[in-house]
Amino acid sequence: MKKITIAIDGFSSCGKSTMAKDLAREVGYIYIDSGAMYRAVTLYSIENGIFNGDVIDTEKLKKEIKNIRISFQLNKETGRPDTYLNGVNVENKIRSMEVSSKVSPISTLDFVREEMVAQQQAMGKEKGIVMDGRDIGTTVFPDAELKIFVTATPEIRAQRRYDELKAKGQEASFDEILENVKQRDYIDQNREVSPLRKAEDALLLDNTDLSIEEQKKWLFEQFNKVSK
Ligand SMILES: Nc1ncnc2c1ncn2[C@@H]1O[C@H](COP(=O)(O)OP(=O)(O)O)[C@@H](O)[C@H]1O
Ligand SMILES: Nc1ccn([C@@H]2O[C@H](COP(=O)(O)OP(=O)(O)O)[C@@H](O)[C@H]2O)c(=O)n1
């Protein structure tokens, strides 16, 4: 079977990484969560005085962007990759509401995107990769053999995120999460550089009424059609 590139884009919290990880694990592909990379840059910015309230010191971040090294390492317990920022495991920290509330403004910055896209393209050079995000099918891998664009209603997406945080024992407010999901969708769709949009050749999946198992089955069917 030939190795292909799989790009999964779509709105926040709709299940992209869940299905991308499952597919990658079963077919032996690399999985990259590109959102985790933007979240890691955001965490770095919070921890290194780049934010003053909601205002970003873009000059400082521009100077430091080359010092921000992001990598992934398989967590043997979860069987999934954890995100590392300059050698430190930040997988839990990057999922906090504070990072969620600041990540989309950081992701509008052209020099941040330039650096992340270069790193993502290097990771996908050999194909055999599943990457999820917002601009994978449009900008990072425009020639990907399989492109999926996932969507679901904001309410169901917020509920899924809420359930996830609760299950991890983290404090969460449904209204705050719903507001964050809507706000990020707006910023992601309206930014100048690589806005979130469906690539013309992407398959649309609305998984509002699909279970995790059903969407996994659907994705496998698409993979099998293309990778033959
Ligand atoms: N079809 C589905 N039905 C119910 N819950 C789902 C479904 N797909 C994903 N989830 C759950 O929703 C949450 C968000 O999924 P995730 O894959 O992190 O989304 P994304 O990568 O799009 O932000 C996770 O807790 C995940 O387990
Ligand atoms: N390829 C990508 C991936 C994420 N992002 C940004 O990073 C944020 C977090 O991405 P994510 O995939 O972790 O978001 P969730 O949907 O998992 O909450 C998004 O809301 C975007 O602002 C991006 O701009 N481009």
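Q: In this model, where does ligand 2 sit?
A: A pocket is judged from the protein atoms alone, and in this predicted model ligand 2 sits in the largest pocket.

Q: Which polar side-chain or backbone atoms lie close enough to ligand 2 to count as polar contacts, and how much of the ligand is buried?
A: The pairs to look for are N or O atoms within 3.5 Å of each other. A polar backbone atom of S13 is 2.7 Å from an oxygen atom of ligand 2, while a nitrogen atom of ligand 2 lies 3.0 Å from a polar side-chain atom of S34. In the side chain of D135, an N or O atom is 2.8 Å from a nitrogen atom of the ligand. The protein buries 97% of the 530 Å² that ligand 2 exposes when taken alone.

Q: Where in the fold is S13, and what does the UniProt record place there?
A: S13 is in the loop between β1 (5-10) and α1. The unreviewed UniProt entry places a "binding site" feature at G10, F11, S12, S13, C14, G15, K16, S17 and T18. Of these residues, S13 is included in the lining of the largest cavity.

Q: Which residues come nearest to ligand 1?
A: Ligand 1 has 14 residues around it, of which K16, T18, E164, L210 and Q215 come nearest. By class, this shell divides into five charged, six polar and three nonpolar residues.

Q: Which elements supply at least two residues each to the shell around ligand 1?
A: These are α1 (16-27), α7 (154-167) and α9 (212-227). The space that ligand 1 takes is the largest pocket.

Q: Which polar atoms of the protein lie by ligand 1, and how much of the ligand does the protein cover?
A: One oxygen pairing involves T18, whose polar side-chain atom lies 2.5 Å from an oxygen atom of ligand 1. For E164, an N or O atom in the side chain is 2.7 Å from an oxygen atom of the ligand. A polar side-chain atom of R160 lies 3.5 Å from a nitrogen atom of ligand 1. Of the 560 Å² of accessible area that ligand 1 has on its own, the protein covers 80%.

Q: Which residues does UniProt assign to a domain, and how much of that span is helix and how much strand?
A: A record of this kind may be inferred rather than shown by experiment. The unreviewed UniProt entry places the feature "domain: Cytidylate kinase" at residues 6-215. In the model, this span is 47% helix and 20% strand, and its end C-alpha atoms lie 15 Å apart.

Conventions
Residues numbered from 1 in each chain as written. Chains lettered and ligands numbered in written order. Predicted model: local features only at pLDDT ≥ 70, side-chain atom pairs only at ≥ 80, totals over all residues. Heavy atoms only, no water. Near = heavy atom within 4 Å. Polar contact = N/O pair within 3.5 Å; in protein donor to acceptor, adjacent residues only side chain to side chain. Areas by Shrake-Rupley, 256 points an atom, 1.4 Å probe, with all protein chains shown as cover. 1 Å grid on protein atoms, 1.4 Å probe; cavity = no way out; pocket = protein on both sides within 12 Å on 5 of 7 lines; lining within 4 Å. Sits in = over half its atoms within 2 Å of the grid points. Helix = DSSP H or I, 4+ residues; strand = E, 2+ residues; numbered from the N terminus. Nonpolar A, V, L, I, M, F, W, Y, C, P; charged D, E, K, R; others polar.
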